[in-house]
Amino acid sequence: FPLRTIEPFFAADKVTKPRLYCYPPPFKTPEDLGKVPALPTFDVKSLYILTALRFIDYDFDVAYTNEPDASPDKQLPFLLLCDGTALAGKEITRRLKEVVPQNSTDSSGSGDKNALDQMRLPENDLPSELVYRTMAERNLFPAVEYMTWADPVGRECIGEERYLSSYPTVIRYVLSWIKTSEATQNLKMTQPEHSAGDSMLLDGETLYQNAFRALDSLLVLFESVGSTRPFLAGKPSLLDAVVFSCVSVVLDAPVDSSIRKALVEKRTYKPVLNYALAMRRKYFSQPANQLGSP
């Protein structure tokens, strides 16, 4: 007798273009529906990778999700390529930093892993780029992470309301506590001044002061290249992605932190403010190619 096959009711979407899975945009309340968000996400690591990919005009889609367990390293964001390869964390930036092959002719970013391998951000235009980027990552990322998950006001306004609002109340509180504990431990591991002792408490002002010192050092670069253009010879780098993502989240987050007050009110940091606004107009004037949640 003839066999009859039935197509499955549910099947995974076929990936025809690289897809970046990251935390959703900031506006989630009903009164914000229909607005175009100033930033595609409040998560600084997601915004960092998204910015780096936009710098090189990489053709990709954005899929918003609140489930980091889908990522290979259990953290968002991650990049799913057309061949099924999933890149997470430093794997993405490592691809961006690889040297373009001499015999390469395809750098359009059409969708496969080779296209991503053939594209890189400039690192050799500024001898001290790595030093400045390491300093920025070491001091700016922890301050923003603290504001999002460890600071009580930020955790309630950003972490719980923006990223955990889809869960029932009890589960949301449990997940918030877990995420806060993980963020606190990670911050203590990366900050020697907080590594001693078993206390879960962090001194947010110390982290903010470290961020101020990093911004003060970066002001030297702003003076040399101007505050309305990328750092390196008119072409952005990973250093730009770090600084832009951190400063933008601080400016847009509904948390009145000391960093935000200084950026908005002090003339000393006006170049940083102008820089963030100029980069946003250049690279985020159009919304991302958004897909549904996985």
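Modeller: Gladly! A salt bridge here is a side-chain nitrogen of Lys or Arg within 4 Å of a carboxyl oxygen of Asp or Glu. Side chains of opposite charge can pair when their charged atoms come close. Please keep in mind that this is a predicted model. In it, Asp252 forms a salt bridge with Arg280, with 3.1 Å between the closest N and O atoms. That pair links distant parts of the chain, as Asp252 is in helix α8 and Arg280 in helix α10, 28 residues apart.

Biologist: Are Asp252 and Arg280 buried or partly exposed?

Modeller: One of each. Asp252 is partly exposed at 25% relative accessibility, because buried means under 20%. Arg280, with 13%, is buried.

Biologist: How many salt bridges does a search of the whole structure find?

Modeller: Six. Among them is the one between Arg94 and Glu91, at 2.6 Å from N to O. These two are three residues apart in helix α2, so about one helical turn separates them. Both ends are partly exposed: Arg94 has a relative accessibility of 41% and Glu91 has 35%.

Biologist: Which residue forms a salt bridge with Glu137?

Modeller: Arg133, with the closest N and O atoms 4.0 Å apart. Glu137 and Arg133 are four residues apart in helix α4, again about one helical turn. Glu137 is partly exposed at 28%, whereas Arg133 is buried at 6%. Elsewhere, Lys17, Asp59 and Asp61 are linked in a network of salt bridges.

Biologist: Now the rings. How many aromatic pairs are there?

Modeller: The count comes to seven. One of them is Tyr146 with Tyr208, an edge-to-face pair with centres 5.9 Å apart and 85 degrees between the planes. Tyr146 belongs to helix α4 and Tyr208 to helix α7, 62 residues apart. Both tyrosines are buried.

Biologist: And what about Phe212 and Tyr269?

Modeller: Their ring centres are 5.9 Å apart and their planes are at 40 degrees, so this pair is tilted. Phe212 lies in helix α7 and Tyr269 in the loop between α9 and α10, so the pair ties together parts 57 residues apart in sequence. Phe212 is buried at 10% relative accessibility, and Tyr269 is buried at 7%.

Biologist: Which charged residue lies over the face of Phe141?

Modeller: Lys45 does, at 5.2 Å from the ring centre. Arg172 lies over the face of Tyr173 in turn, at 5.7 Å from the ring centre.

How values were computed
Residues are numbered from 1 along each chain as its sequence is written. This is a predicted model: local features need pLDDT of at least 70, side-chain atom pairs count only at pLDDT 80 or more; totals for chains, interfaces and linings use all residues. Side-chain values use heavy atoms; hydrogens and water are left out. Rings of Phe, Tyr and Trp (its six-membered ring) pair if their centres lie within 6.5 Å; planes under 30 degrees apart count as stacked, over 60 as edge-to-face and the rest as tilted. Buried means under 20% relative accessible area, exposed over 50%, partly exposed in between (1.4 Å probe, protein chains only). A charge sits over a ring if NZ of Lys or CZ of Arg is within 6 Å of the ring centre and within 35 degrees of the ring normal.
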